[in-house]
Amino acid sequence: MGILEKISEIEKEIARTQKNKATEYHLGLLKAKLAKYRAQLLEPSKSSSSKGEGFDVMKSGDARVALIGFPSVGGAGPPLQRHAFSQSTFLSLMTSTASEAASYEFTTLTCIPGVIEYKGANIQLLDLPGIIEGAAQGKGRGRQVIAVARTADVVIMMLDATKGEVQRSLLEKELGSVGIRLNKHKPNIYFKPKKGGGISFNSTVTLTQCSEKLVQLILHEYKIFNAEVLFREDCSPDEFIDVIMGNRVYMPCLYVYNKIDQISMEEVDRLARKPDSVVISCGMKLNLDYLLEMLWEYLALTCIYTKKRGQRPDFTDAIILRKGASVEHVCHRIHRSLASQFKYALVWGTSTKYSPQRVGLTHTMEHEDVIQIVKK
């Protein structure tokens, strides 16, 4: 029995089993097995010695956004071309550079990079069609597509507003099965395998979804017999399995509903009020500016401007850093030896009590602050 058959068998078994107190151990074990088999699928097989050509899209700009969506159903032409048509409209609208035809080939899937210039930052936008074409089962070059998706800072999920919720749940399931967790935080569980001493289990909160017995069963499934486990929050068995696997990626996701010009006003209102959702229309160029604002918020970037002594600040060339960056990060970005020669900095902007304020390396910068660094 191949891995794919085993996976479908377990999925059927989970669907059949009723959820109650008596079956929670059984379900926990099934979920652990399922996660194990899926991990095996995504690992390159050791038997195939032939080296595949390397595949990646060159990372450029200050942040990376993956554009993921469904091939649009219906219409003429092969599904991937139709898909590319629906999303390349979005790509050409959002990116200032018509992306050079640097199409990175997958077997039948192409990944097209573009760049959005916004608030002085260059944001790389990757159109990843065909992540659904059996990528999770490792078909074609599915693994490489997923590898690229995992390196993104934010996922934009392009959904058809006329199709309702079906697409969203399918895409979430597909990304979930390859270890990408959308809009979730890392479970607060301390887990450390040890050389001996059995399994020590503790929790600082009352657990309603996991018990010590279930945790032991799941660990035994992974052939782990000595470990330290501490639950700091009430987590489900799935989240505990994520912690054991250790290769999960937690990233923010924006659900973008396109084609709002084809649905009723009430439906648009309902979709727009959902958490993490934006409604747009590429055809009529509606609401694209708000989408960019939301994207900026989710990327959590800040622009910082530099100033030389006795001169005006340079507002043409901003330093782009993550939110919460300190003066030390700014120094490293300008030159790696600058932090060791640093004496103090003068900062103008919203992060200071008065302008200019004299600060040290640990001062946290905010958006559009101006900094002047004084060396020893």
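Colleague: What share of the contacts between residues at least 6 apart in sequence joins residues at least 24 apart?

Modeller: In this predicted model, 64% of the contacts in the protein between residues at least 6 apart in sequence join residues that are at least 24 apart, where a contact means heavy atoms within 4.5 Å.

Colleague: Why is aspartate 276 called partly exposed?

Modeller: Its relative accessible area is 26%, and since buried means under 20% and exposed means over 50%, aspartate 276 falls in between and is therefore called partly exposed. Aspartate 276 sits in the loop between α8 (265-272) and β12 (277-279).

Colleague: What makes the phi of aspartate 276 worth a remark?

Modeller: Most residues other than glycine have a negative phi. Aspartate 276, which is not a glycine, has a positive phi near 60 degrees.

Colleague: Which residue in the loop between α9 (288-299) and β13 (301-306) has been examined in this way?

Modeller: That residue is alanine 300, and although alanine 300 is not a glycine, its phi is positive, at about 50 degrees.

Colleague: How do you know whether alanine 300 is buried or partly exposed?

Modeller: The relative accessibility of alanine 300 is 23%, whereas a buried residue must be under 20% and an exposed one over 50%, so alanine 300 counts as partly exposed.

Colleague: What part of the accessible surface belongs to carbon and sulfur atoms?

Modeller: Of an accessible surface of about 20000 Å² for the protein, 52% belongs to carbon and sulfur atoms.

Note on methods
Residues numbered from 1 in each chain as written. Predicted model: local features only at pLDDT ≥ 70, side-chain atom pairs only at ≥ 80, totals over all residues. Heavy atoms only, no water. Areas by Shrake-Rupley, 256 points an atom, 1.4 Å probe, with all protein chains shown as cover. Helix = DSSP H or I, 4+ residues; strand = E, 2+ residues; numbered from the N terminus. Buried < 20%, exposed > 50% of the residue type's maximum accessible area, 1.4 Å probe, protein only.
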